[in-house]
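Please read the briefing below alongside the sequence and the model.

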Amino acid sequence: MDVQETKAACRDAFAELASPACIHDPYPFMRWLREHDPVHRAASGLFLLSRHADIFWALKATGDAFRGPAPGELARYFPRAATSLSLNLLASTLAMKEPPTHTRLRRLISRDFTMRQIDNLRPSIARIVAARLDGMAPALERGEAVDLHWGFALALPMLVFAELFGMPQDDMFGLAAGIGAILEGLSPHASDPQLAAADAASARVQAYFGDLIQRKRTDPRNDIVSMVVGAHDDDADTLSDAELISMLWGMLLGGFATTAATIDHAVLAMLAYPEQRHWLQGDAVGVKAFVEEVLRCDAPAMFSSIPRIAQRDIELGGVVIPKNADVRVLIAAGNRDPDAFADPDRFNPARFYGTTPGMSTDGKIMLSFGHGIHFCLGAQLARVQLAESLPRIQARFPTLALAEQPTREPSAFLRTFRALPVRLHKGG
């Protein structure tokens, strides 16, 4: 779509978001959609919300105005679910559940996956960051280009998940190789071959986690899987192995590629806005502000992948969303809505300085981790990885520069990268 032209409607925003122009820069189209068709009905019948106020309301209203699909409805919203392992695993994840099942599952995983547990990982994360930067340093100091995406942004969350789950690093690298295929297969527009590739990768992940759970049951260590399968004398309720496998599969998919993409975007922000690097050279509050602004400016997930089913007819902006319609939210558009964030296309960490995580100084919520009962379980883990990484990258390589333009994955859903080549500036 030529966003310079005024058009009364867009036939399918999902298809437009997958176009080469939007892969390169989706924000002009998102602005057009927000201004001209904010409650968009795609050719598939899905509705897509793009205004911050509508998105925030819809996320908060999950469990009331919206719900996840019931088990008996899977065939309607996922026609290939009957034969797809990946779609069945997706249907069993925490994000697809509603109270009271959601309440039970979230309580059981949150019992061990606590803020304290994540903070206890900080020394390990700092050690991994230092080791990855040490590995990049010789080539950079020789004047060579290094792919920061593969060498750092992807490696860090992989190694952190290995620590969190109590897995050998080589095992995690093996599982992570299939994550991209799974994510592509879960796209609403995935082809049959893409879904088949996703199912094959999901089968490997499922089998590995099943074996890991048994090993942790007989030989527990200080990791999240051991804690979840361990005895809780004060709580008779436990996660079944199938529930835990689904939980681990969802955590891996939800926190791996998105964290890597945010690290890539954060480094690009450091290079594009050198006047803003001072936020990374001071206290933790300044680092937090920089991280939140990266998450706002470049949400790694463009739109919600989980169906939210309207419980009744809902009118938004003069458009009636009928009962039982599938509604998705365009997170990246909401994060750049001028009605929520002044001068939204400007990178300005000051808007998050001294606030609680995710909230601007104007009291507006950054949407990248969602909101309401389905707020991202791994938000704090992602934030800690970014906070431990960015100041160290800045201090270790202050003259870092792009070696050539980064290459993006052709995905409408995840704004991720194939390569991010960097080198040290020759004047440094």
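With 428 residues, a compact globule would have a radius of gyration near 22 Å, and the chain has 21 Å, which agrees; the radius is taken over C-alpha atoms, and the globule rule is 2.2 Å times the number of residues to the power 0.38. This is a predicted model, in which local features need pLDDT of at least 70 and side-chain atom pairs count only at pLDDT 80 or more, while totals for chains, interfaces and linings use all residues. Residues are numbered from 1 along each chain as its sequence is written, and side-chain values use heavy atoms, with hydrogens and water left out.

**Whole chain**

- Taken along the principal axes, the C-alpha atoms of the chain fill a box of roughly 60 × 60 × 45 Å.
- The chain holds 20 helices and 12 strands, where helices (H or I, at least four residues) and strands (E, at least two) are DSSP runs numbered from the N terminus.
- Buried residues make up 56% of the 428 residues; buried means under 20% relative accessible area, exposed over 50% and partly exposed in between, with a 1.4 Å probe and protein chains only.
- Among contacts (heavy atoms within 4.5 Å) between residues at least 6 apart in sequence, 72% join residues at least 24 apart.
- The accessible surface of the chain, from the Shrake-Rupley method with a 1.4 Å probe, comes to about 17,900 Å², and 54% of this belongs to carbon and sulfur atoms.

- Asp235 lies in the loop between helix H15 (224-229) and H16, and is buried, with a relative accessible area of 14%.
- Leaving out residues up to four places away in sequence, Asp235 touches Arg107, Leu108 and Arg111; Asp235 and Leu108 are 127 residues apart in sequence and 9.3 Å apart in space, C-alpha to C-alpha.
- Ala419, in strand E11 (residues 417-419), counts as buried at 18% relative accessibility.
- Apart from its neighbours within four places in sequence, Ala419 is in contact with Asp147, His149, Pro406 and Thr407, whereas the C-alpha atoms of Ala419 and Asp64, 355 residues apart along the chain, are separated by 42 Å.

**Positive phi**

- Most residues other than glycine have a negative phi.
- Asn324, although not a glycine, has a positive phi of about 75°; it is placed in the loop between strand E7 (319-321) and strand E8 (326-329) and is partly exposed, with a relative accessible area of 23%.
- Asp343, also a residue other than glycine, has a positive phi near 50°; it is found in the loop between helix H19 (331-334) and H20 and is partly exposed, at a relative accessible area of 48%.
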